Amino acid sequence: MIDADKARRETLRWYILLTLNKSRPVDPHEAVVLSTIQGIYPDCTPMELRRELDYLEHRSLVTLVKQPSGPWICGLIHYGVDIAEYTVECRPGIARPEKYWS
């Protein structure tokens with residue numbers, strides 16, 4: 001049986017990593033990341049995005065600058081880049097597709 005909520009969370013994490021990888025070397029505002037993700041998941045909320053960004057930060061894949069005025073600035077650290085570029089193994093929790101090319 002497929003857990004749809006788990007699949008959504010893990011896929012959302014993958015798309016966040018891809019978005020941040022494409023934005024390098026600029027660390028984007030969370031609104032930019034949210035608008036990109038909403039192209040895939042139109043019902044994604046700011047809170048859902050923040051929850052997954054927080055998860056990725058605790059996995060030491062992204063940096064978050066939580067500004068006192070409210071917005072977050074998101075960045076990708078070297079291990080997050082390696083995950084996005086398929087140069088290291090991806091542990092469970094992120095729905096990175098299998099590499100089918102060589």
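Colleague: Which residues have the most contacts inside the largest nonpolar core?

Modeller: This is a predicted model. Its largest nonpolar core has 24 residues. Those with the most contacts inside this core are Ile 16, Leu 17, Ile 37, Leu 49 and Val 62.

Colleague: Which element gives the most to this core?

Modeller: H1, H2, H3, E1, E2 and helix H4 (78–84) each supply at least two residues of the core. Five residues come from the element that gives the most, and that element is H1.

Colleague: Leaving aside neighbours within four places in sequence, what is Leu 17 in contact with?

Modeller: Contact here means heavy atoms within 4.5 Å. With neighbours within four places in sequence set aside, the partners of Leu 17 are Leu 56, Leu 61, Val 62, Leu 76, Ile 83, Ala 84 and Ile 94.

Colleague: How far apart are the end C-alpha atoms of helix H3?

Modeller: Helix H3 covers residues 46–58, which is 13 residues. At 1.5 Å a residue, H3 should span 18 Å. The model agrees, because the end C-alpha atoms are 18 Å apart.

Colleague: Where on H3 do its buried residues fall?

Modeller: The buried residues are Glu 48, Leu 49, Glu 52, Leu 53 and Leu 56. Seen down the axis of H3, they fall within an arc of 135°, so they line one face of the helix.

Colleague: What do the buried residues of H3 pack against?

Modeller: Met 47 and His 58 are exposed, on the other side of H3. The buried residues pack against two helices and two strands: H1 (4–23), H2 (30–37), E1 (62–66) and E2 (72–76).

Note on methods:
Residues numbered from 1 in each chain as written. Predicted model: local features only at pLDDT ≥ 70, side-chain atom pairs only at ≥ 80, totals over all residues. Heavy atoms only, no water. Helix = DSSP H or I, 4+ residues; strand = E, 2+ residues; numbered from the N terminus. Expected span 1.5 Å × (residues − 1). Buried < 20%, exposed > 50% of the residue type's maximum accessible area, 1.4 Å probe, protein only. Arc of directions from axis to C-beta. Core = buried A, V, L, I, M, F, W, Y, C linked by side-chain atoms within 4.5 Å.
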